[in-house]
Amino acid sequence: SLRKHPRFVDMDKCIACGLCAEKCPKKVANEYDGALSQRKAIYVKYAQAVPLKYAIDADHCIFLTKGKCGNCKKVCPTGAINYDEKPQDVTLQVGAVILSSGCDPYDPKGHDNFGYEKSKDIVTSLEFERILSSSGPYGGHLVRPSDKREPRKIAWLQCIGSRDVHIGARGYCSSVCCTYAIKEAMLAKEHCKD
């Protein structure tokens, strides 16, 4: 049994035409792109999402927060928008359950010894990954967020947030950063024109 949170969009009716997002006036930071781009309050989490269906961000939707707007419902050709959807408990019959603890990426804000909050061109590994992605904020072009120009030099700083004892950091090695940095350096070299 699990708790199903409302999407406010009927997945059986949604045809992912995008009219709802096109007419949505509310823009918010796109978490998937590391806030390097913006998305609408009604959105598909990422381009390759399966199923490719829209959902409404209840924290930012003007209709759900203020009772105004409703543009997405007006333009939806299939009537998929349902602002009255409530959370529900769902019981599923499955053959196996995979428990995955996951992880939270380190957020350098607050303990900013390296200028992350001072310069748009200092990015985390996940933000850099989104910059290089063809479905990312810059269409896979290696550019600096500040001026959208190709960087001449790139430096990777290792162990930020690990092997440290300040609040929010981890005192141990994450075991992936070194390999990840080499992978990103190779990708960056492939994306460079020179």
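Is Lys-183 buried, exposed or partly exposed? Lys-183 counts as partly exposed, at 34% relative accessibility. Here buried means under 20% relative accessible area, exposed over 50%, and partly exposed in between (1.4 Å probe, protein chains only).

This is a predicted model: local features need pLDDT of at least 70, side-chain atom pairs count only at pLDDT 80 or more, and totals for chains, interfaces and linings use all residues. Residues are numbered from 1 along each chain as its sequence is written, and side-chain values use heavy atoms, leaving out hydrogens and water.

**Salt bridges**

The structure holds six salt bridges. Each is a side-chain nitrogen of Lys or Arg within 4 Å of a carboxyl oxygen of Asp or Glu. Three of them are in the table.

| Pair | N to O distance |
|---|---|
| Arg-3 and Asp-89 | 3.2 Å |
| Glu-31 and Arg-39 | 2.9 Å |
| Glu-129 and Lys-183 | 2.8 Å |

Glu-129 lies in helix α4 and Lys-183 in helix α5, so this pair ties together parts that are 54 residues apart in sequence. Helices (H or I, at least four residues) and strands (E, at least two) are DSSP runs, numbered from the N terminus. Arg-3 sits in strand β1 and Asp-89 in strand β6, so their bridge joins parts 86 residues apart in sequence.

Glu-31 is exposed, at 51% relative accessible area. Glu-31, Arg-39 and Asp-57 are linked in a network of salt bridges.

**Helix α4**

Helix α4 spans residues 125-132, and its buried residues include Phe-128 and Ile-131. Helix α5 (177-191) is among the parts that cover the buried residues of α4.

Definitions and conventions
Contact = heavy atoms within 4.5 Å.
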